[in-house]
Amino acid sequence: MSRSWKVEIAAALSAVAMCVSSAAHASTVKSWNGSDSFNGTAVGSGDEITFSGFTSNQLTLITGNGTYEASTHNGNGVNTTFNLWLDLNGTWTSIDTWTTSNTHEQLLSGLSMPVNFASSTVTGIALTASPAGSDDDPSFDSFKNQGDEEEGGNNPETFTFNNITATPLPATLPLFAGGLGFVGYLTRRRKKATAAAA
(Lines give C-alpha, C1' and ligand atoms only; values in the text may rest on other atoms or scores of the structure.)
Protein backbone atom coordinates (compact mmCIF):
# COMPACT_ATOMS: atom_id res chain seq x y z
CA MET A 1 0.00 0.00 0.00
CA SER A 2 1.46 3.35 -1.02
CA ARG A 3 2.11 6.02 1.57
CA SER A 4 -0.54 8.36 0.06
CA TRP A 5 -3.23 5.70 0.48
CA LYS A 6 -2.16 5.07 4.04
CA VAL A 7 -2.44 8.78 4.76
CA GLU A 8 -5.93 8.99 3.21
CA ILE A 9 -7.23 5.99 5.13
CA ALA A 10 -5.67 7.25 8.38
CA ALA A 11 -7.37 10.61 7.83
CA ALA A 12 -10.71 8.89 7.23
CA LEU A 13 -10.34 6.80 10.39
CA SER A 14 -9.45 9.94 12.34
CA ALA A 15 -12.60 11.61 11.05
CA VAL A 16 -14.65 8.62 12.21
CA ALA A 17 -13.04 8.78 15.66
CA MET A 18 -13.71 12.51 15.89
CA CYS A 19 -17.38 11.93 15.05
CA VAL A 20 -17.74 9.30 17.76
CA SER A 21 -16.00 11.42 20.39
CA SER A 22 -17.32 14.79 19.32
CA ALA A 23 -18.29 17.08 22.17
CA ALA A 24 -20.41 20.12 22.87
CA HIS A 25 -18.48 23.05 24.34
CA ALA A 26 -20.03 25.85 26.37
CA SER A 27 -17.24 28.22 27.43
CA THR A 28 -17.29 30.59 30.40
CA VAL A 29 -14.41 33.00 31.12
CA LYS A 30 -13.77 34.47 34.58
CA SER A 31 -11.23 37.21 35.31
CA TRP A 32 -9.35 37.33 38.60
CA ASN A 33 -10.45 40.39 40.58
CA GLY A 34 -9.29 39.41 44.05
CA SER A 35 -6.12 39.86 46.09
CA ASP A 36 -2.86 40.11 44.18
CA SER A 37 -1.29 37.55 46.50
CA PHE A 38 -2.24 33.98 47.32
CA ASN A 39 -0.04 33.25 50.27
CA GLY A 40 -2.89 32.15 52.52
CA THR A 41 -2.71 28.56 53.72
CA ALA A 42 -6.45 27.89 53.47
CA VAL A 43 -9.47 28.96 51.48
CA GLY A 44 -11.27 31.79 53.25
CA SER A 45 -8.17 33.87 53.99
CA GLY A 46 -9.12 36.41 51.33
CA ASP A 47 -7.34 34.71 48.46
CA GLU A 48 -10.43 33.75 46.51
CA ILE A 49 -13.10 35.21 44.24
CA THR A 50 -16.75 34.24 43.94
CA PHE A 51 -19.32 34.77 41.20
CA SER A 52 -22.65 33.59 39.85
CA GLY A 53 -22.61 29.89 39.22
CA PHE A 54 -22.31 28.08 35.91
CA THR A 55 -22.10 24.41 35.01
CA SER A 56 -18.68 23.08 34.05
CA ASN A 57 -16.48 19.99 34.22
CA GLN A 58 -13.22 21.35 32.82
CA LEU A 59 -10.79 24.20 33.46
CA THR A 60 -9.54 24.55 29.91
CA LEU A 61 -7.11 27.47 29.97
CA ILE A 62 -5.40 30.01 32.24
CA THR A 63 -4.07 33.20 30.66
CA GLY A 64 -2.33 36.29 32.01
CA ASN A 65 0.96 37.08 33.72
CA GLY A 66 0.21 35.99 37.28
CA THR A 67 3.13 34.18 38.90
CA TYR A 68 3.93 32.06 41.91
CA GLU A 69 7.17 31.57 43.83
CA ALA A 70 8.27 29.38 46.70
CA SER A 71 8.41 30.87 50.18
CA THR A 72 11.83 31.56 51.65
CA HIS A 73 13.54 30.81 54.95
CA ASN A 74 16.84 32.49 55.77
CA GLY A 75 17.04 33.57 52.14
CA ASN A 76 16.57 30.09 50.75
CA GLY A 77 13.58 28.66 48.95
CA VAL A 78 11.62 26.07 50.91
CA ASN A 79 9.25 23.45 49.56
CA THR A 80 5.99 25.30 49.08
CA THR A 81 2.76 23.55 48.15
CA PHE A 82 0.32 25.47 46.00
CA ASN A 83 -3.33 24.60 45.50
CA LEU A 84 -5.80 25.76 42.90
CA TRP A 85 -9.33 25.46 44.29
CA LEU A 86 -12.81 25.68 42.82
CA ASP A 87 -16.06 26.09 44.70
CA LEU A 88 -17.95 23.10 43.25
CA ASN A 89 -21.57 22.72 44.32
CA GLY A 90 -20.87 24.80 47.42
CA THR A 91 -17.73 22.87 48.46
CA TRP A 92 -14.19 24.15 47.98
CA THR A 93 -12.30 21.43 46.10
CA SER A 94 -8.61 21.37 45.15
CA ILE A 95 -8.33 20.56 41.44
CA ASP A 96 -4.56 21.04 41.06
CA THR A 97 -1.67 20.78 43.52
CA TRP A 98 2.02 21.38 42.90
CA THR A 99 5.14 21.84 45.04
CA THR A 100 8.25 23.87 44.31
CA SER A 101 11.25 25.39 46.08
CA ASN A 102 11.99 27.70 43.15
CA THR A 103 12.03 31.37 44.19
CA HIS A 104 12.08 32.56 40.59
CA GLU A 105 8.73 33.67 39.18
CA GLN A 106 6.74 30.87 37.57
CA LEU A 107 3.77 31.67 35.34
CA LEU A 108 0.45 30.32 36.57
CA SER A 109 -0.58 30.17 32.90
CA GLY A 110 2.19 27.60 32.46
CA LEU A 111 0.33 24.98 34.49
CA SER A 112 -0.67 21.89 32.57
CA MET A 113 -4.18 22.22 31.13
CA PRO A 114 -6.92 21.14 30.84
CA VAL A 115 -7.94 20.01 34.31
CA ASN A 116 -11.09 17.89 34.44
CA PHE A 117 -13.44 17.49 37.38
CA ALA A 118 -16.93 16.15 38.05
CA SER A 119 -19.66 18.21 36.39
CA SER A 120 -20.63 20.84 38.98
CA THR A 121 -21.92 24.34 39.54
CA VAL A 122 -18.78 26.49 39.79
CA THR A 123 -19.09 29.58 42.00
CA GLY A 124 -15.52 30.46 43.00
CA ILE A 125 -11.77 30.22 42.42
CA ALA A 126 -9.10 30.23 45.13
CA LEU A 127 -5.32 30.01 45.27
CA THR A 128 -3.33 29.03 48.36
CA ALA A 129 0.30 28.47 49.28
CA SER A 130 1.71 26.57 52.25
CA PRO A 131 3.81 27.63 54.03
CA ALA A 132 2.45 31.14 53.62
CA GLY A 133 4.65 34.04 52.61
CA SER A 134 5.07 37.36 54.38
CA ASP A 135 5.40 41.03 53.43
CA ASP A 136 9.03 40.55 52.43
CA ASP A 137 8.62 37.04 51.05
CA PRO A 138 8.69 36.48 47.27
CA SER A 139 5.41 34.58 47.35
CA PHE A 140 3.55 37.44 49.04
CA ASP A 141 2.96 39.76 46.10
CA SER A 142 2.93 37.32 43.24
CA PHE A 143 -0.55 37.37 41.74
CA LYS A 144 -1.84 40.08 39.44
CA ASN A 145 -5.33 41.52 39.49
CA GLN A 146 -7.18 44.01 37.32
CA GLY A 147 -6.80 46.96 39.66
CA ASP A 148 -3.04 46.89 40.16
CA GLU A 149 -1.24 48.29 37.11
CA GLU A 150 2.18 47.92 38.74
CA GLU A 151 1.51 44.24 39.33
CA GLY A 152 0.30 43.56 35.79
CA GLY A 153 -3.28 44.84 35.88
CA ASN A 154 -3.08 45.43 32.12
CA ASN A 155 -2.95 41.67 31.66
CA PRO A 156 -5.18 40.17 34.34
CA GLU A 157 -5.45 36.44 34.87
CA THR A 158 -8.43 34.79 33.21
CA PHE A 159 -9.77 31.29 33.67
CA THR A 160 -11.66 29.61 30.83
CA PHE A 161 -14.09 26.83 31.70
CA ASN A 162 -15.91 24.41 29.44
CA ASN A 163 -18.79 22.04 29.91
CA ILE A 164 -17.71 19.04 27.87
CA THR A 165 -20.53 16.63 27.02
CA ALA A 166 -19.99 13.58 24.86
CA THR A 167 -22.30 13.32 21.86
CA PRO A 168 -25.01 10.72 22.61
CA LEU A 169 -24.32 7.41 20.86
CA PRO A 170 -27.48 7.38 18.65
CA ALA A 171 -26.45 10.73 17.19
CA THR A 172 -23.00 9.43 16.30
CA LEU A 173 -24.14 6.29 14.49
CA PRO A 174 -24.93 7.98 11.14
CA LEU A 175 -21.59 9.82 11.32
CA PHE A 176 -19.79 6.58 12.14
CA ALA A 177 -21.49 4.74 9.26
CA GLY A 178 -20.62 7.57 6.88
CA GLY A 179 -16.98 7.43 7.95
CA LEU A 180 -16.82 3.68 7.42
CA GLY A 181 -18.41 4.11 3.99
CA PHE A 182 -15.76 6.65 3.10
CA VAL A 183 -13.01 4.22 4.16
CA GLY A 184 -14.63 1.57 1.93
CA TYR A 185 -14.76 4.02 -0.98
CA LEU A 186 -11.06 4.79 -0.62
CA THR A 187 -10.23 1.08 -0.52
CA ARG A 188 -12.24 0.38 -3.70
CA ARG A 189 -10.65 3.34 -5.45
CA ARG A 190 -7.20 2.06 -4.53
CA LYS A 191 -7.98 -1.40 -5.91
CA LYS A 192 -9.25 0.07 -9.20
CA ALA A 193 -6.16 2.23 -9.53
CA THR A 194 -3.92 -0.76 -8.88
CA ALA A 195 -5.78 -2.88 -11.45
CA ALA A 196 -5.58 -0.11 -14.08
CA ALA A 197 -1.87 0.28 -13.50
CA ALA A 198 -1.37 -3.46 -13.99
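One of the residue pairs here is Leu59 with Val115, its bridge partner in S10. Keep in mind that this is a predicted model, with a mean pLDDT of 76 for the chain.

**The sheet**
- S3 and S10 belong to an open sheet of six strands, with antiparallel pairing and the order S2-S11-S3-S10-S7-S8.
- The edges are taken by S2 (28-31) and S8, and each has just a single partner strand, so one side of each has no neighbour in the sheet.
- Going from one strand to the next, the twist averages 50°.

**Asp96**
- Asp96 sits in strand S8, which covers residues 91-100.
- Is Asp96 buried or exposed? It counts as buried, because its relative accessibility is 18% and the cut-off for buried is under 20%.
- Leaving aside residues up to four places away in sequence, Asp96 touches Phe82, Asn83, Leu84, Leu111 and Val115.

**Tyr68**
- Tyr68 lies in strand S4, made up of residues 67-68.
- Tyr68 also counts as buried, because its relative accessibility is 10%.
- Asn39 is 29 residues from Tyr68 in sequence, yet their C-alpha atoms are 9.3 Å apart in space.

**Confidence**
- pLDDT reaches 70 or more for 61% of the residues in the chain.
- Residues 16-23 stay under 50 in pLDDT, and the model gives this stretch 13 contacts beyond four places in sequence.

Conventions:
Residues are numbered from 1 along each chain as its sequence is written. This is a predicted model: local features need pLDDT of at least 70, side-chain atom pairs count only at pLDDT 80 or more; totals for chains, interfaces and linings use all residues. Side-chain values use heavy atoms; hydrogens and water are left out. Helices (H or I, at least four residues) and strands (E, at least two) are DSSP runs, numbered from the N terminus. Buried means under 20% relative accessible area, exposed over 50%, partly exposed in between (1.4 Å probe, protein chains only). Contact means heavy atoms within 4.5 Å. pLDDT is the predictor's confidence in each residue, from 0 to 100. Two strands pair if DSSP finds at least two bridges between them. Axes are lines fitted to C-alpha atoms, for helices over the stretch in contact, and angles run from 0 to 180 degrees between N-to-C directions.
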